[in-house]
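Subject: A structure to look through

Hello,

Could you please open the structure below and keep it beside you while you read the rest of this message?

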Amino acid sequence: MGKGAALSNEVVKKIILSYTYVALWIFLSFTVIVYSKYILDRKLYGWPFPISLTMIHMTFCSSLAFLLVRVFKVVEPVSLSWNVYLTCILPIGAVYSVSLWLSNSAYIYLSVSFIQMLKALMPVAVYTIGILFKKDTFNNSTMGNMLAISVGVAIAAYGEAKYDSWGVFLQLLAVLFEATRLAMKRILLTSKGIILNPITSLYYVAPSCLVFLSIPWIFLELPILRQSSSFQFDFAIFGTYSLCAFALNLAVFLLVGKTSVLTMNVAGVVKDWLLIAFSWSVIKDTVTPVNLIGYGLAFLGVAYYNHKKLQAKKSQQADEEARRLLLERDSNGSSDSQA
């Protein structure tokens, strides 16, 4: 009785903690996205400088990551040679900086809800790039699934009341660069056994992002900011935005570490629907029935894709466990025969 009650309490505690991590990640991700829209949209806060905003965010995050890794030693730094840094970290930082720049730029032109719908194309981009880099194999069933997601997003785009071609182009490019970053991380780091959590990723990658972002910033935004004598750095706005962005990375660290990537994917679906509802009800963006039908189809495709990935992972784990048991049995049999 006592053991059962203790076990039950432990299970309940674990469930409560898991839901707390999920809620925290959804809240912070939701906040960062809405905050980005608020700052960059000309009709809201009216500060349409996506490169500058990204650089502020990266400066803040890299500084805090340095403190957590080197001063407070919350996480251990990963041992990286200069060769690995130059050939792996810098290319990933370059692609990541462009991805952030483009995704922030899209908020100037598109609604929050429509951006979330376009982000549903991420599995399509990841799978396509995986095939190009020969990290994934072509499969008719999976490609059919990717086609369903693409058709759903196309329907959502067709039903978008405030469609902007330039904004769509920027967001699609952002998806493409983000998928490329994930593929490069898989090829350049994971394949070499180098695992970076969100904090160490910021510690190593954020400074390189700053360097790469400074190049277009000098030519595109700095001259405009110099001419704008009315601009004053708002510590309340940019400070809280950067703090939320960094806290989001910590939330990812907790969520994935204490639950799983699948939990984060499911939470992401909940977050997307909440953002669409918020965009419609609070920001007063127009969300049409055609939007919802298209995104609903894309959502089903993404859900099926995640389900297939989970099944494949479970099958792989089962095979690895079977091989481990077989090796143990053979090893025990060999020991018995020698005795």
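Predicted model: local features only at pLDDT ≥ 70, side-chain atom pairs only at ≥ 80, totals over all residues.

Residues are numbered from 1 along each chain as its sequence is written, and side-chain values use heavy atoms, with hydrogens and water left out.

Two packed helices are described by the angle between their axes and the distance between the axes. Helices here are DSSP runs (H or I, at least four residues), numbered from the N terminus, and axes are lines fitted to C-alpha atoms over the stretch in contact, with angles from 0 to 180 degrees between N-to-C directions.

The axes of helix α5 (residues 122-132) and helix α6 (residues 140-158) come within 9 Å and cross at roughly 140°. In their contact (heavy atoms within 4.5 Å), Pro123, Val124, Tyr127 and Ile131 of α5 meet Thr142, Met143, Met146, Ile149 and Ser150 of α6.

Helix α5 also packs with helix α7 (residues 165-189), at an angle of about 50° and with the axes 9 Å apart, and α5 and α7 are therefore oblique to each other as well. Here Met122, Ala125, Val126 and Ile129 of α5 meet residues of α7, including Val175, Leu176 and Glu178.

Elsewhere, just after α2, Lys73 takes a positive phi of about 55°.

Best wishes

Notes: Helix = DSSP H or I, 4+ residues; strand = E, 2+ residues; numbered from the N terminus. Parallel < 35°, antiparallel > 145°, perpendicular 65-115°, else oblique.
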